[in-house]
Amino acid sequence: MSSSDKPGVLHVYDDIEEMDNHLPNWWLFLLWTTLVFGFGYWFYYHVSGMGPGSLETYKAEKAEAAEVARKAAASKPVSDEALLALMQDPGAVDQGKAQFTQQCASCHGQKGEGLIGPNLTDGFWLHGGKPVDIHKTVSEGVVVKGMPAWGPTLGAERVRSIVAYVLTLKNTHVPGKAPQGEPEQ
Ligand code: HEC
């Protein structure tokens with residue numbers, strides 16, 4: 001280590017002059033801003049509980065994606081495949097179950113075991129047990145026999161989720177109203 005006579009130069013090594021200058025203000029500004037931001041971020045998201053956590057964000061995004069998928073499914077034409085696919089969607093089935101309890105259980109029983117309306121859990125159907133048949137019965141009803149048409153009241157999306165739920169009841173054989181109609185297949 002050797003020193004130089006030049007003002008401000010502390011050491012010279014291999015002709016490299018080292019000085020101890022003041023750090024540039026733009027650099028200090030960045031340093032302090034990132035420190036303040038980092039501290040604020042940590043406090044907001046990890047300490048205070050005010051900011052949404054990653055799990056909540058993930059759940060919100062997942063729910064949003066499911067909603068988008070459901071809307072996309074609802075805009076497709078009704079088919080056995082589409083309804084069976086909807087039956088695999090727990091969100092749609094839950095929504096359907098809630099509607100069933102409200103709108104259908106008074107005539108078909110809480111578990112679909114039948115009351116005024118037929119048992120939906122046996123293997124027998126008056127109007128067909130295929131997904132599209134059930135969809136038709138639910139949306140158009142059998143008005144003369146006391147089964148209301150639900151399409152106009154509830155709208156296409158709710159009817160589909162109800163049908164998805166009714167499909168989960170199929171062949172669960174809850175004891176209730178005696179079988180009516182024809183066995184399926
Ligand atoms: C006011 C009573 C009543 C309500 C409420 C009602 N249903 Fe029905 N439902 C009936 C009756 C009665 C029948 C039988 C019609 C017939 O004899 O042809 C029936 C038939 C059906 C069938 C056809 C069963 C078969 O064997 O083919 C399905 C499916 C069905 N209802 C689903 C529903 C759903 C889903 C809801 C709710 C959105 C609902 N029903 C609400 C009275 C009702």
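A: Asp-14 sits in the loop that links strand S1 (9-13) to strand S2 (16-19); strands here are DSSP runs of E with at least two residues, helices are runs of H or I with at least four, and both are numbered from the N terminus. Before going on, some housekeeping: this is a predicted model, in which local features need pLDDT of at least 70 and side-chain atom pairs count only at pLDDT 80 or more, while totals for chains, interfaces and linings use all residues. Residues are numbered from 1 along each chain as its sequence is written, and side-chain values use heavy atoms, with hydrogens and water left out.

Back to Asp-14: its phi is positive, about 50 degrees, even though the residue is not a glycine. Asp-14 counts as exposed because its relative accessibility is 66%; the scale calls under 20% relative accessible area buried, over 50% exposed, and anything in between partly exposed (1.4 Å probe, protein chains only).

His-173 also has a positive phi without being a glycine, near 50 degrees. You'll find His-173 in the loop between H7 and strand S4 (182-183). His-173 also turns up among the residues touched by Thr-121, along with Lys-111, Gly-112, Glu-113, Leu-169, Lys-170, Asn-171, Thr-172 and Val-174, leaving aside residues up to four places away in sequence. Touching, or contact, means heavy atoms within 4.5 Å. Thr-121 belongs to the loop between helix H4 (90-108) and S3, and Thr-121 counts as buried because its relative accessible area is 0%.

Now for the helices. H4 and H7 have axes that come within 7 Å and cross at roughly 90 degrees. An axis is a line fitted to C-alpha atoms, for helices over the stretch in contact, and angles run from 0 to 180 degrees between N-to-C directions. H4 is therefore roughly perpendicular to H7; that label covers 65 to 115 degrees, with under 35 as roughly parallel, over 145 as roughly antiparallel and the rest as oblique. On the H4 side, the residues making this contact include Phe-100 and Cys-104, and on the H7 side they include Ile-162, Ala-164 and Tyr-165. By class, the contact of H4 with H7 has 9 nonpolar, 5 polar and 3 charged residues. Nonpolar here covers Ala, Val, Leu, Ile, Met, Phe, Trp, Tyr, Cys and Pro, charged covers Asp, Glu, Lys and Arg, and the others, Gly among them, are polar.

The H3 and H5 pair comes next. Their axes are 8 Å apart and the packing angle is about 85 degrees, so H3 and H5 are roughly perpendicular to each other. H3 brings Asp-80, Leu-83 and Leu-84 to this contact, and H5 brings Pro-131, Val-132 and His-135. The class count for H3 with H5 is 4 nonpolar, 1 polar and 1 charged residues. In H5 (residues 131-140), Pro-131, Ile-134, His-135, Thr-137, Val-138 and Ser-139 are buried. Those buried residues pack against helix H3 (80-87), strand S3 (124-125), helix H6 (151-154) and helix H7 (156-169). After H5 comes Gly-141, with a positive phi near 70 degrees.

H3 also holds Ala-85, which is partly exposed because its relative accessibility is 48%. Over in the loop between H6 and H7 you'll find Gly-155, partly exposed at a relative accessible area of 24%.

Finally, the ligand. It is surrounded by 21 residues, the closest being Cys-104, Cys-107, His-108, His-127 and Met-147, where near means that a heavy atom of the residue lies within 4 Å. An N or O atom in the side chain of His-108 is 2.7 Å from a ligand nitrogen atom. The side chain of His-127 has an N or O atom 2.5 Å from a ligand oxygen atom, and a backbone N or O atom of Leu-126 lies 2.8 Å from an oxygen atom of the ligand.

Conventions:
A polar contact is a pair of N or O atoms within 3.5 Å; within protein, one must be able to donate a hydrogen and the other to accept it, and residues adjacent in sequence count only if both atoms are side-chain atoms.
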